[in-house]
Amino acid sequence: MKFITLRGAYNYFTYSNSVVTAISCYPSIDVAWGYNESRTIPYGYQKIAIPQINTLNFFYPNSGYFARVSEDTIIEFNNPLDYSESIPVFNNYNIFTYPYEERSLTLYSDFIKIATGTLNPNNNIAISYIPTLPSSLNRLQFLSSLSGYFMQAKTPFVILGPTQTPTPTPTNTPIVTGK
């Protein structure tokens with residue numbers, strides 16, 4: 001079993017269980033957001049809302065989410081994602097946990113519209129990277145290990161793991177590696 005701790009504030013994370021789980025199983029989750037399969041329509045959950053208003057009531061395997069929790073919350077994964085080889089980044093919106101060593105976002109600037117991470121989840125400060133802005137205005141400069149990110153991609157691409165070398169893919173999805 002593997003675990004992820006959602007800190008008492010805002011979190012981006014990948015739900016990597018092999019089973020669908022009701023968000024209500026985690027009473028400390030106040031708000032959660034995710035996207036549909038085309039990554040264009042956001043779905044939401046609010047603990048205080050009546051069930052008919054919530055459009056997101058479950059965490060689905062291998063999907064990314066944004067959640068605000070009232071206190072630290074541990075989520076146990078029975079079948080965690082294996083990111084040893086790569087992280088697929090799809091066209092449009094993506095939310096994921098980054099497991100590798102620190103890596104500069106400038107490597108991905110041709111593929112990204114915007115990337116957002118949290119500077120410090122305890123004080124709810126979000127920082128962003130927008131490739132079209134001068135680097136001095138981008139407070140988010142690196143992907144940091146075990147941090148979560150929201151990313152809007154212009155085109156699909158793959159972030160390779162640290163032990164992988166670039167190879168062509170059948171779908172011609174760009175592969176980016178490096179530090």
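Q: Why is arginine 103 called buried?
A: Buried means under 20% relative accessible area, exposed means over 50%, and partly exposed lies in between, with a 1.4 Å probe and protein chains only. Arginine 103 has a relative accessible area of 1%, so it is buried.

Q: What are these values computed from?
A: This is a predicted model, in which local features need pLDDT of at least 70 and side-chain atom pairs count only at pLDDT 80 or more, while totals for chains, interfaces and linings use all residues. Residues are numbered from 1 along each chain as its sequence is written, and side-chain values use heavy atoms, leaving out hydrogens and water.

Q: What makes arginine 103 and glutamate 101 a salt bridge?
A: A salt bridge is a side-chain nitrogen of Lys or Arg within 4 Å of a carboxyl oxygen of Asp or Glu. The closest N and O atoms of arginine 103 and glutamate 101 are 3.4 Å apart, and the two form a salt bridge. Glutamate 101, with a relative accessible area of 27%, is partly exposed.

Q: How many salt bridges does the structure hold?
A: There are two. Aspartate 30 forms one with lysine 47, where the closest N and O atoms are 3.2 Å apart. The two residues are 17 residues apart and link distant parts of the chain: aspartate 30 is in strand E4, and lysine 47 is in the loop between E5 and E6.

Q: Why is lysine 47 called partly exposed?
A: Its relative accessible area is 38%, so lysine 47 counts as partly exposed.

Q: What makes E4 and E5 a pair?
A: Strands (E, at least two residues) and helices (H or I, at least four) are DSSP runs, numbered from the N terminus. Two strands pair if DSSP finds at least two bridges between them. E4 and strand E5 (residues 42–46) have five bridges, in the antiparallel sense.

Q: Which residues of the largest nonpolar core touch the most other members?
A: A nonpolar core is a set of buried Ala, Val, Leu, Ile, Met, Phe, Trp, Tyr and Cys residues joined through side-chain atoms within 4.5 Å. The largest one has 19 residues, and Tyr98, Leu105, Ile112, Met151, Phe157 and Ile159 touch the most other members. Strand E15 (147–153) is among the strands that each supply at least two residues. The largest share, three residues, comes from E15.
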